[in-house]
Amino acid sequence: MGRSHYFCAMQKDTLVFDLLRKELDRQRHGIELIASENFTSLQVIQAMGSVATNKYAEGYPGKRYYGGCEVIDEIETLAIERLKKVFNASWANVQPHSGAQANSAVFLACLKPGDKILGLDLSMGGHLTHGSPANISGKYYQALHYGVKKDTGIVDYDQLEQIALAEKPKMIICGASAYSRDWDYARIRAVADKIGALVMADIAHPAGLIAKGLLNDPFDHCHIVTSTTHKTLRGPRGGIIMLRHDFENPWGLKDPKGNTRTMSQLLDLAVFPGAQGGPLEHVIAAKAIAFGEILTDEFTAYGKNVINNAQAMAKAMVNRGYNLISNGTDNHLMLIDLRNKNLTGKKAQETLDKAHITLNKNAVPFDDKSPFVTSGIRIGVPAITSRGMNEAHMETVAGFIDKVLTKIDDEATIAGVKNDVNTFMKQFPLYPELG
Ligand SMILES: *Cc1c(COP(=O)(O)O)cnc(C)c1O
């Protein structure tokens, strides 16, 4: 029965599955401090590995270009409805394949090539998709940048305002990838209103904390909000776009047929058919599961633990003589300037990797080193908080990091810390169901 399918005769691809097993072991044994990473629930992973990957569903629920979408429609509708509840939004699109895709779609919906955009400089903690010359956002649009203040490490809102008033960008972008402080969204909106600009908040990093009311709410002040789903939201890799209030598009923007549309309609058209083809419905099923998890009280506790752990980690690092940009953190991450320790970010990252402590080198504001070397490292606690660590464990982890960094070329120290890390991580089981 069913033996006629040609793939039933094929052997399991042990080459790939052995590698996946090795990756699971790596995740289990190491300390994961990359601020943009997390560990999803097993059911999120199971949904991604499901038959929904077989389905083409170009279009939106109820308006598809293919037959057989009735079940897929239910899945995508569930994801949308749950996401709207998570952020108290009135409209959401769950199809962007990634955070970068979500941002591209917003630009496509709101801007014409050559229009000016204003975002946080990449070298000051911003993201590639906010106008870096290496990215489509910096090639198709005229990108302007604000930074942080040299003395405080806080966003320079005065500079943002000066540039906005002088250059009149069509869009101001807030949000960052390596910024440990909360945002003054009201201030940015006030500036935007003076020049009739749209404000887009890209909350890819702190979205899970915002969802639980633990940071300022961007939705009341920013016209459009984008995010990834795999960082603090702890879902599958992907992107989302949301509006709390839909609105008439500000510059008489039309859809490809010449009709005037509301912003939500323009955004839907920009995701599909504007920038993407068929949605990843297996990932959308996993997004629906993650959004359901975020709506629980357990996730509220998780968000609070993330912030408590970040503060405990910041304190533990400061106590060991490390320089934190802005001297602390409001969210899930911190940026450390290693220059007083005579270390580069590159050297620190590579050496900690050998001790099974994973983090990334990161430019610090006003860095004098290249982006491939950098003067800093970024530490995030979302992943280790998902493993079950609490504030007391942050002391231990900071101790491991400091031990390696203070004896940077000592192979015996590195090997010793690696063993201690592997033993330490045994108390935080990861996917025990996978054997
Ligand atoms: C991570 C991130 C993105 C991009 O997400 P991808 O899914 O990697 O494309 C966009 N914006 C910000 C601020 C981010 O931190």
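Reader: Which residues are linked in a network of salt bridges?
Author: This is a predicted model, to begin with. The network links Lys149, Asp158, Glu161, Arg187 and Lys194.

Reader: Take Arg187. What does Arg187 form a salt bridge with?
Author: With Asp158. The closest N and O atoms are 3.0 Å apart. That pair links distant parts of the chain.

Reader: Is Arg187 buried, partly exposed or exposed?
Author: Arg187 is partly exposed, with a relative accessible area of 27%. Asp158 has 38% relative accessibility, so Asp158 counts as partly exposed.

Reader: What about Glu161 and Ala190? How far apart are their C-alpha atoms?
Author: They are separated by 9.3 Å. Along the chain, Ala190 and Glu161 are 29 residues apart. Ala190 is found in helix H7. Ala190 is partly exposed, at 42% relative accessible area.

Reader: How many salt bridges does the count come to?
Author: The count comes to 22 salt bridges. One of them joins Lys170 and Asp115, with the closest N and O atoms 3.5 Å apart.

Reader: Where do Lys170 and Asp115 lie?
Author: Both are in loops. Lys170 is in the loop between helix H6 (157-167) and strand E7 (171-174). Asp115 is in the loop between H4 and strand E5 (116-120). So the pair ties together parts that are 55 residues apart in sequence.

Reader: And Asp115, buried or exposed?
Author: Asp115 is buried, because its relative accessible area is 14% and the cut-off for buried is under 20%. Lys170 is at 27% relative accessibility, so Lys170 counts as partly exposed.

Reader: Which residue does Asp337 meet in a salt bridge?
Author: Arg339. The N to O distance between the side chains of Asp337 and Arg339 is 2.8 Å. Asp337 is buried, at 11% relative accessible area. Arg339 is partly exposed, at 30%.

Reader: New topic: the ligand. How many residues surround the ligand?
Author: 13 residues surround the ligand. The closest are Gly99, Ala100, Ser177, Asp202 and Lys231.

Reader: Which helix gives the largest share of that shell?
Author: Helix H4, residues 99-110, with three residues. By class, the shell has three nonpolar, eight polar and two charged residues.

Reader: What does a polar side-chain atom of Asp202 lie 2.5 Å from?
Author: A nitrogen atom of the ligand. Gly99 uses its backbone: an N or O atom there lies 2.9 Å from an oxygen atom of the ligand. The side chain of Ser98 has an N or O atom 3.4 Å from an oxygen atom of the ligand.

Reader: How much of the ligand does the protein bury?
Author: Taken alone, the ligand exposes 380 Å². The protein buries 85% of that.

Reader: Now the surface. Which residues form a nonpolar patch there?
Author: Leu15, Val16, Phe17 and Leu20. Together they have about 400 Å² of accessible area. Leu15 lies in helix H1, residues 14-29.

Reader: Why does Leu15 count as exposed?
Author: Because Leu15 has 65% relative accessibility, and exposed means over 50%.

Reader: Last topic, the backbone. What is the peptide bond from Phe272 to Pro273 like?
Author: The peptide bond from Phe272 to Pro273 is cis, with omega near 5°. Pro273 lies in helix H9, residues 263-275.

Reader: Why mention that one?
Author: Because most peptide bonds are trans. Most residues other than glycine also have a negative phi.

Reader: Okay, phi then. What is phi of Lys168 near?
Author: Phi of Lys168 is near 45°, a positive value in a residue other than glycine. Lys168 is in the loop between H6 and E7. Lys168 is exposed, at 53% relative accessible area.

Reader: And Ser326? Where does Ser326 lie?
Author: Ser326 lies in the loop between strand E11 (323-324) and strand E12 (333-337). Ser326 has a positive phi of about 65°, although it is not a glycine. At 12% relative accessibility, Ser326 counts as buried.

Definitions and conventions: Residues numbered from 1 in each chain as written. Predicted model: local features only at pLDDT ≥ 70, side-chain atom pairs only at ≥ 80, totals over all residues. Heavy atoms only, no water. Near = heavy atom within 4 Å. Polar contact = N/O pair within 3.5 Å; in protein donor to acceptor, adjacent residues only side chain to side chain. Areas by Shrake-Rupley, 256 points an atom, 1.4 Å probe, with all protein chains shown as cover. Helix = DSSP H or I, 4+ residues; strand = E, 2+ residues; numbered from the N terminus. Nonpolar A, V, L, I, M, F, W, Y, C, P; charged D, E, K, R; others polar. Patch = residues over 30% accessible without salt bridge, like charges linked within 9 Å, V, L, I, M, F, W, Y side chains within 5 Å. Salt bridge = Lys/Arg side-chain N within 4 Å of Asp/Glu carboxyl O. Buried < 20%, exposed > 50% of the residue type's maximum accessible area, 1.4 Å probe, protein only.
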